[in-house]
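Thank you for sending this model along for comment. The notes below are meant to be read beside the sequence and the structure, one point at a time.

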Amino acid sequence: ARQFSPAAAWLLLLSLHPASAASLASAAEAAAMCSTYRAVSAEFHEHTIEDVTASIGLAEEPSQSRSFSPSWRVTAAFVSATGLVGLASALLLAAAVGTPITAASAVLRSFALLHDGRLRLSRGGVEAVPLTLAAEVKYDATAPAPQKGIAAIEPGQCSQVEAGVVSEYAYSLTLPGIATSEACCVKCWSVQACQAWSWRQDSGFASRGPECFLKTGGFKEKVNAPDLISGLVPSRETSPLTGITANYILNYQGRHTSFHEFTCQASSLPTLWRSAGGLSTPIKVLTYNTMWWNIFDHGKASDLHYYRTTNGNSAVTLLSQVARHDLMGFQECMDLGWTLARAGMLEEYGYFDGQEEVCMAYRKSTFALLAHGQAAVAEDKRSTYWRTRPGQWARLRHIQTGQVVFFLNHHGPLPVDTGGACGPAATAHNLLALITGNAKPGDTVIVVGDFNANARSQTMTHLRQVLYHAVQHGYDNILMNLPASSLLSQADLGSGGSDHHALSAEISI
């Protein structure tokens, strides 16, 4: 529905015949269900749905399951195969001349039913979901605490655990820093989409902190894992949440908070000083999204840390074969120490494994570390929610020249080219504010990352007002507060099996 302009939507509604209202309701409800949140429901806000359900009497719907007509089942099968095209076709097939109010009510009712978990696919058709089950899977991610209709933690439930064996599900969410297995269990019960959990005392990362994993999307297998403790939420074993949407819902419910350390109110962009550049010794800078879940973990459950059972991979090989870089920023990166060790580079670099799967490294023979940190600058939209989006930074002194470099590594918000939940202007503003808040006038500023924004996006357009856009390939970028003449060379180093390319720039600072 979001793909059509308002004018086109009203023309469509005006073409509907009153006699086809029942067919429209069936077609729209089936289409909405089979679309599996793809275009509309993930963007509905709770207060909107509450208004809609109140106006169309959804609360008075009977709680027992119902079966639907063969025509609905045919429509459902057609729409599930064709997605939004099928939705448009199903509506147009029912069209003649009629009242927009009847049509709008039917469409809104179908989306409300979908949002409340009241419809699902069953054996090739569509069926209603009992209220008791719908209450458990309702897409209500705004509050982390259990709500009415959600099963409370049963006495002793978090003491019923398995040690050394873990149940793997289609999707998982990693939450570092949860101190005990009981706290991890409680977190799972408080997140409506969570079906199972696992926990380990020592992550094995440089921080050596604990890890909690929340899981959803349907059971896959049981796996031996000696260092893990795990448990289930029995009342949610039959949750109908499936597909990538289940992961977005779990991520939103488990991560999202109303408190942000960044602003969504985009004011004028912060201004930066210009660094003169031109000193005799150039530096080499790299940015690389390693596609960790695939290249390192081979698509296996994140709590298994499968990469640790291997001797390396194609991304490690790429790093080991290219010339050494002085500054490196990585996205979708979880264990840079392991990566550098396998590439034979560990002794040469200082490095940081940041939160939100960003890492950076600096060559110790080139730079001395002055300070480093990380802050959130953006957040994904609810419809494609993975996480808040970070700016990871380090302030370093170039040993030979004394010049200070402020190096910023960023992984941008989703959906691509949108600037995420706060929009492109706010994302650009927050990145620049992070620089002005931690760098000092006179610092050379270099910004790298997978921005999830192409060269023509509004995010990059805003950033180019302040920084020189030195290197770009797809969504990956290198920017700096230096003149264009300071870019001595650039190179595409290939993908190393990732869905992004490693980009290199030689810069005279």
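1. Where does His-305 lie? In this predicted model, His-305 is found in the loop between helix H10 (292–295) and helix H11 (314–321). Its phi is near 45°, which is a positive value in a residue other than glycine. Most residues other than glycine have a negative phi. His-305 counts as buried because its relative accessibility is 2%, and the cut-off for buried is under 20%.

2. Glu-356 also deserves a look, with a positive phi near 60° in a residue other than glycine. This residue sits in the loop between strand S8 (349–353) and strand S9 (358–363), and Glu-356 counts as buried because its relative accessibility is 19%, where the cut-off is under 20%.

3. Please check the peptide bond from Leu-414 to Pro-415, which is cis, with omega near -5°. Pro-415 belongs to the loop between strand S12 (404–411) and helix H13 (424–438).

4. An open sheet is formed by 3 strands in the order S3-S5-S4, with antiparallel pairing. Its edge strands, each pairing on one side only, are S3 (162–176) and S4 (196–200). Helix H8 (residues 181–190) packs on the sheet and touches S3, S4 and S5, its direction making about 155° with that of S4. Helix H9 (residues 243–255), in turn, lies across S3 and S5 and runs at about 90° to S3.

5. On confidence, the chain averages a pLDDT of 79, and 68% of the residues score at least 70. Over residues 1–11, however, the pLDDT is below 50, and it stays under 50 over residues 25–81 as well.

Key: Residues numbered from 1 in each chain as written. Predicted model: local features only at pLDDT ≥ 70, side-chain atom pairs only at ≥ 80, totals over all residues. Heavy atoms only, no water. Pairing = 2+ DSSP bridges. Helix = DSSP H or I, 4+ residues; strand = E, 2+ residues; numbered from the N terminus. Contact = heavy atoms within 4.5 Å. Axes fitted to C-alpha atoms, helices over the stretch in contact; angles between N-to-C directions. pLDDT = per-residue confidence, 0-100. Buried < 20%, exposed > 50% of the residue type's maximum accessible area, 1.4 Å probe, protein only.
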